[in-house]
Structure formats: C-alpha cells, structure tokens
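Here's a quick briefing to read with the structure open beside you. Take a look, then follow the points below.

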Amino acid sequence: MLDFEPFTENKEQRQQTHWRFEFRDRRLPDVRLSDQLIMHIIELPKADRLRLTSRQEADLQAWIKFFKHWQEDTTMSAIDSAPVQDAWADLKRISADEDERYRALARERALSDAVTERNFALREGRQEGRKQGQAALLQRLLAKRFGPLDDSTQSRLQTATQEQLEHWSERILDAPTLSAVFDQH
C-alpha cells in the first residue's frame with residue numbers, strides 16, 4: 001500500500017487504484033514464475049474508489065481503512081476484521097507506552113540510518129570504481145604513448161585523486177614527455 005500515486009501518466013492510470021504485477025518471462029510472457037509471486041499495489045489516495053465485494057476484498061478494504069484512518073476511533077471500531085483489530089490494538093498499546101514509543105522511534109531511526117549508510121557506501125563505491133577505471137585507462141594510454149611505465153608512475157596513478165587523474169588525462173595529448181604529463185605547471 002502506497003500513500004502516494006506513482007502511476008499518473010494518463011487518465012487510465014490516474015483512475016486505477018489496485019495494481020497487480022505478476023512475475024513473467026520477458027520473451028515468453030505466458031511463462032510465470034509462480035501464482036504465489038504476485039505483487040499487489042494499492043494507492044491509498046485513490047483507495048476510496050475501490051468497489052470490493054468478496055470476503056477477501058473486504059479484508060483488503062479493512063486494511064485500507066486501517067492505514068488511512070488508524071487515528072479515528074469511530075472508523076476503526078466499526079471494522080470487523082480480527083487481524084486489523086489486533087494490529088490497531090498493538091498500535092494503540094505501543095503508542096500509549098512511552099518506552100514502546102521510544103523503541104519504535106529508535107528502530108525507525110536505525111532503519112533510516114541503515115538505508116542512508118547503504119546509499120552512501122554505494123555512492124562511494126561507484127566513485128571509487130570510476131576512479132580506478134580512469135586510472136587504468138590513463139595507465140594504458142600513457143604506456144601506449146610513452147612506453148612501459150615504471151613502478152613509481154604506476155603507484156602514483158593508483159594513489160592519485162580524481163582531480164589529478166582528470167588533469168593528467170587532459171595533458172596526455174599535449175605533453176611531449178611522460179614527466180610533462182605530471183608537471184605542476
């Protein structure tokens with residue numbers, strides 16, 4: 001269940017509330033991974049448009065009400081779904097106890113921190129990968145232009161900053177000698 005509308009490109013998408021995605025092969029769409037691997041997405045802002053009738057759909061409607069109206073005692077009391085009532089009771093219990101609220105907040109912060117750390121690590125990894133790739137390319141170009149590189153030059157390339165690699169890469173075409181590529185002037 002999403003509390004926003006990700007599919008809004010056209011009128012048909014703006015009207016649809018319940019999305020059902022199945023795992024299928026791209027080339028042979030008749031081949032599905034399993035009938036058990038289906039992802040349902042309900043867009044909560046549009047959920048009031050759903051016309052649900054079966055018992056299973058009634059349970060879904062109860063969960064939609066829970067996510068949209070969990071702070072409204074009158075609405076929540078009218079829901080006859082036992083799992084939803086249990087979830088609402090747990091939420092009220094957690095909300096009423098200061099220690100429980102603190103633990104829930106700490107858990108939410110920890111999850112957020114973990115996502116932030118993961119994204120930072122991915123960004124750092126991509127930057128390091130680009131830097132290593134640029135150093136390897138510059139090493140090949142220098143060797144092709146000036147002949148085999150000594151160990152100190154190879155080491156210098158491996159420990160260089162991104163800015164240094166970019167500067168040296170720009171100088172390789174105009175420099176008459178290998179040392180001129182690395183000159184500070």
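A patch, as the word is used here, is made of residues with over 30% relative accessible area and no salt bridge, and like charges are joined into one patch within 9 Å. Keep in mind that you're looking at a predicted model. With that in hand, you can find a patch of positive charge on the surface, where Arg118, Arg123, Arg126 and Arg130 gather.

**Surface patches**

- Is Arg123 buried or partly exposed? Its relative accessible area is 46%, so Arg123 counts as partly exposed.
- There's also a nonpolar patch on the surface, built from Phe23, Leu33 and Leu37. Together these three have about 300 Å² of accessible area.
- Where does Leu37 sit? You'll find Leu37 in the loop between strand 1 (18–22) and strand 2 (38–42).
- Leu37 has 38% relative accessibility, so it's partly exposed.

**Salt bridges**

- How many salt bridges are there? The count comes to two.
- In one of them, the side chains of Arg20 and Glu22 meet, with 3.2 Å from N to O.
- Glu22 also meets Arg24 through their side chains, and here N to O is 2.3 Å.
- Because they share partners, these salt bridges join Arg20, Glu22 and Arg24 into one network.
- How covered up are the members? Glu22 has a relative accessible area of 23%, so it's partly exposed.
- Arg20 is partly exposed too, at 47%, and Arg24 gets that label with 42% relative accessibility.

**A buried serine**

- Now hop over to Ser81, in the loop between helix 3 (73–77) and helix 4 (82–96).
- Is Ser81 buried or exposed? With 3% relative accessibility, Ser81 counts as buried, because that label goes to anything under 20%.
- Which residues does Ser81 touch, leaving out those up to four places away in sequence? Its contacts are Asp59 and Ala62.

- Arg118, Arg123, Arg126 and Arg130 make up the positive patch, while Phe23, Leu33 and Leu37 make up the nonpolar one.
- Glu22 is a partner of Arg20 and of Arg24.
- Ser81 is buried, whereas Leu37 is partly exposed.

Definitions and conventions. Residues numbered from 1 in each chain as written. Predicted model: local features only at pLDDT ≥ 70, side-chain atom pairs only at ≥ 80, totals over all residues. Heavy atoms only, no water. Patch = residues over 30% accessible without salt bridge, like charges linked within 9 Å, V, L, I, M, F, W, Y side chains within 5 Å. Areas by Shrake-Rupley, 256 points an atom, 1.4 Å probe, with all protein chains shown as cover. Salt bridge = Lys/Arg side-chain N within 4 Å of Asp/Glu carboxyl O. Lys, Arg positive; Asp, Glu negative; His and termini not counted. Charge placed at Lys NZ, Arg CZ, Asp CG, Glu CD. Buried < 20%, exposed > 50% of the residue type's maximum accessible area, 1.4 Å probe, protein only. Helix = DSSP H or I, 4+ residues; strand = E, 2+ residues; numbered from the N terminus. Contact = heavy atoms within 4.5 Å.
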